[in-house]
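Dear colleague,

Please find below the structure that I am handing over to you. My notes on it follow directly after.

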Amino acid sequence: MSDLNKLGLAEARDALRKGDTTSVELTEACLKAIDAADALNAFVHKTPELAMERAKAADDRIKAGDAPSMCGLPIGIKDLFCTKGVPSQAASKILEGFKPEYESTVSQKLADAGSVMLGKLNMDEFAMGSSNETSVYGNAVSPWRRGNDDAQLTPGGSSGGSASAVAADLCLAATGTDTGGSIRQPAAFTGTVGIKPTYGRCSRWGIVAFASSLDQAGPMTKSVRDAAIMLEAMCGHDPKDSTSAELAVPDFEAMLTGDIRGKKIGIPKEYRMDGMPDEISKLWADGAEMLKAAGAEIVDISLPHTKYALPAYYVIAPAEASSNLARYDGVRYGRRAALEAGDGITEMYEKTRAEGFGHEVQRRVMVGTYVLSAGFYDAYYNRARRVRTLIKKDFEDAFAAGVDAILTPATPSAAFGLGEMTEADPVQMYLNDVFTVTVNLAGLPGVAVPAGLDSQGLPLGLQLIGKPWEEGDLLNTAYALENAAGFVAKPQQWW
């Protein structure tokens, strides 16, 4: 078989079981594609020796007939996941040289299932960003281009390296993390599928923390079926994470029937933003029609507190970040700034953080520290927490009224050019998360599905939001949407 790296997880799994190929051949095809794609800057720590070792072990396991679905499948791991003996930097200078002595629960589960780690993927520093432009490794670049334009486009953020690698067929799938849309927005920008599961479905242990009440890991894949296969391997209760849910993990793939007759799909009026591009509005309307044609009932709903979601998110997330990032002080691990004679511990902290944290991380830490300070705690942080409760209740009310899933756009636009939304106005960048942050604030599962192309040939995605713990049902609705949309576009290879 040629072009093995272009297979999805399900196709590759079936080929491995039939004996049409081996994990070693799959892995070699991906490693070759990775080495030829340095222009995308997606893989930042390559692990070819480890990959070949795992591929050989997976082939033995498949021969022995004891192989779960993920066995032998080559994937990429976002640099936010700690991987034993492999650099895990969260794309930050402050963690330069950090090689953990332990494995994150999610990457361990994937390894236990026999998957093959090809290396670590680029991302925004500490997952703070929507364009993968805050990374110490430099920008990740999308494999997509606008028409005949050579301008480099963002693959989205913070899981930009993951999205770019999956879209460019450098790996069969990748892990991402989502704090305010960091799986779903890059998936929408690159024509891939990304699911953020319910908060607590995947363990956060061993994943570098940004905002602990919002962070959640999930898969980024080439199809909804692949997302179901990989998500099942990533989920499960973990006693090392106090927020991990003690719930059985269903066979998500078995739930993909494509039958959504009688399902109620809500269309929230508050997501019709002023100035929304016509292409996004049309895509949303077309998506609703596709689901209706598949037998679902489309109903208008109201989520009245949506307009407060972004302000609440940009108080809560930085507040938690300022608390989580206090541990990076140059004392125990990572980078320590060079000190001058007479410098004390305070100077060491200040110099290490000034050198080690990038501008966006510094900005969010300062905002977070401000909203947690004595004079402003009630005015900002407590108020944001109350708003969060109201946003969660909006969704609960919709689901209580019989809605099974909610359809919205995934992003307010197609991918933009790198450097087009620079630091001059960070708020413009933050507005990219307008359709995604509510899902994190409410702890719900959300999936982005590619549904069409804009006038310049760039992918556009739709988002489906589901009930808590019902990822299987959500993925089935996404599967019906994917089948109806028939999205098969791939980027033209230029790299």
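In which loop does Ser158 lie? Ser158 is found in the loop between β3 and α5 (160–167); helices (H or I, at least four residues) and strands (E, at least two) are DSSP runs, numbered from the N terminus. Gly157 and Ser158 are joined by a cis peptide bond, with omega about 5°. In another loop, the one between β2 and α4 (105–112), sits Ala90. Ala90 is a residue other than glycine with a positive phi, near 55°. For context, most residues other than glycine have a negative phi, and most peptide bonds are trans.

Two remarks on the source are needed. The model is predicted: local features need pLDDT of at least 70 and side-chain atom pairs count only at pLDDT 80 or more, while totals for chains, interfaces and linings use all residues. Residues are numbered from 1 along each chain as its sequence is written, and side-chain values use heavy atoms, with hydrogens and water left out.

Overall form

The chain has 15 helices and eleven strands. Its C-alpha trace spans about 70 × 55 × 50 Å along the principal axes. With 495 residues, a compact globule would have a radius of gyration near 23 Å, and the chain, at 21 Å, agrees with this; the radius is taken over C-alpha atoms, and the globule rule is 2.2 Å times the number of residues to the power 0.38.

The sheet

Eleven strands form an open sheet of mixed pairing, in the order β1-β3-β2-β4-β6-β5-β10-β11-β9-β7-β8; two strands pair if DSSP finds at least two bridges between them. At the edges are β1 (43–46) and β8 (297–301), each of which pairs on one side only. On average, neighbouring strands are turned by 30° against each other, direction ignored. Within the sheet, β2 (residues 74–78) and β3 (residues 116–121) pair in the parallel sense over four bridges, and Lys78 stands opposite Leu121 in β3.

Two helices lie across this part of the sheet. Helix α2 (residues 23–35) lies across β1, β2 and β3 and runs at about 20° to β3. Helix α3 (residues 48–63) lies across β1 and β3, at about 155° to β3. Contact means heavy atoms within 4.5 Å; axes are lines fitted to C-alpha atoms, for helices over the stretch in contact, and angles run from 0 to 180 degrees between N-to-C directions.

Pocket and cavities

The largest pocket has a volume of about 480 Å³. On a 1 Å grid over the protein atoms alone, a pocket is an open set of points with protein on both sides within 12 Å along at least five of seven lines, a cavity is a set where a 1.4 Å probe fits but cannot get out, and lining residues have an atom within 4 Å of a point. Grid points are joined across faces, edges and corners, and a volume is the space filled by probe spheres set on the points.

The largest pocket is lined by 26 residues, with Glu11, Lys222, Ser223, Glu482 and Phe487 nearest its centre. Helix α1 gives the largest share of this lining, three residues.

The structure also holds five cavities of 30 Å³ or more. The largest cavity has a volume of about 80 Å³, and Ala127, Gly129, Ser182, Tyr313 and Asp433 are the closest to its centre among its 14 lining residues.

Yours sincerely
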